[in-house]
Amino acid sequence: MEEIIKVGMADIKVCKAPDALTTLGLGSCVGICLWDSSLKIGGLAHIMLPDSRKLKNNSNIYKFADTGIDELIRLLSLQGAVRSRLRAKIVGGAQMFAFQSQSEAMRIGKNNVEAVRKKLREECIPIMAEDTGGDRGRTVIFYPENGDLLIRTIDHPEVII
């Protein structure tokens with residue numbers, strides 16, 4: 001019997017098939033799914049901010065794209081995943097609120113997505129699919145069995161990437 005494991009905000013979990021991972025309320029946050037398809041091991045990070053070096057209170061390494069992805073890779077490796085086989089799917093990074101300011105600092109969703117893409121490039125982990133940007137929140141379920149990422153959005157049909 002499969003278990004669907006909940007990943008909270010600023011949290012990371014890993015699992016093996018047939019279990020799956022879910023996170024709710026990806027607005028400006030980004031969900032990063034990594035998996036090793038040969039071993040059917042996957043992980044999901046729910047990051048909130050792009051860069052741990054820009055804040056003094058950065059003790060929760062799961063909260064940031066840079067440190068969160070490092071930790072997700074480490075946790076998957078501990079479960080036997082082979083780094084060179086890791087593949088990624090990313091979701092989220094919406095602009096949830098309309099701001100009059102054109103300040104880049106207020107574009108948290110966009111900045112999160114860019115930081116995630118940059119970090120995955122640095123780690124040589126290809127992004128196989130993504131559903132990012134826009135102005136809507138998303139809930140996801142990730143299945144390491146086959147790498148499917150189910151995306152649910154209010155007033156939109158479910159999508160699998």
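This is a predicted model: local features need pLDDT of at least 70, side-chain atom pairs count only at pLDDT 80 or more; totals for chains, interfaces and linings use all residues.
Five strands make it up, in the order β1-β3-β8-β9-β10, and the pairing within it is mixed. At its edges are β1 (4-6) and β10 (159-160), each of which pairs on one side only. Strand β3, covering residues 20-26, pairs with strand β8, residues 138-143, in the antiparallel sense over 4 bridges. One of the residue pairs here is Leu26 with Arg138, its bridge partner in β8.

Strand β8 also pairs with strand β9, residues 148-152; this pairing is antiparallel and has 5 bridges. Tyr143 has Asp148 of β9 as its bridge partner. The two strands form a hairpin with 4 residues between them, and in this hairpin Gly147 takes a positive phi near 85°. From β9 the sheet continues to β10 through an antiparallel pairing of 2 bridges, in which Leu150 has Ile160 of β10 as its bridge partner.

Thr22 belongs to strand β3 and has a relative accessible area of 12%, so it counts as buried. Leaving aside residues up to four places away in sequence, Thr22 touches Ile4, Ile5, Lys6, Val7, Leu44, Thr139, Val140 and Ile141.

Strand β6 is mostly covered, with 6 of its 7 residues buried. Strand β4, residues 30-36, runs antiparallel to β6 and is joined to it by 7 bridges. Within this pairing, Cys33 stands opposite Lys89 of β6. Strand β7, residues 127-132, runs parallel to β6, and 5 bridges join the two. Here Val91 has Asp131 of β7 as its bridge partner.

Helix α1 comes next. It spans residues 65-78, a total of 14 residues, and reaches 20 Å from its first C-alpha to its last, close to the 20 Å expected at 1.5 Å a residue. Of these 14 residues, 10 are buried, so α1 is largely enclosed by the rest of the structure. The buried residues of α1 are Ala65, Asp66, Thr67, Gly68, Ile69, Glu71, Leu72, Ile73, Leu75 and Leu76. Their cover includes strands β2 (11-16), β4, β5 (41-47) and β6, together with helix α2 (108-122). Just after α1, Gly80 takes a positive phi of about 105°.

The cysteines remain to be considered. How many disulfides are there? With a disulfide taken as a pair of cysteine sulfur atoms within 2.5 Å, the count comes to 0. For Cys15, the closest cysteine sulfur is that of Cys33, and the distance of 10.0 Å is too far for a bond. Cys29 is likewise in no disulfide; its nearest cysteine sulfur, again that of Cys33, is 14 Å away. Is Cys15 buried or exposed? Its relative accessibility is 6%, so Cys15 counts as buried. Cys29 has a relative accessibility of 7% and also counts as buried.

Terms used: Residues are numbered from 1 along each chain as its sequence is written. Side-chain values use heavy atoms; hydrogens and water are left out. Two strands pair if DSSP finds at least two bridges between them. Buried means under 20% relative accessible area, exposed over 50%, partly exposed in between (1.4 Å probe, protein chains only). Contact means heavy atoms within 4.5 Å. The expected span of a helix is 1.5 Å times one less than its number of residues.
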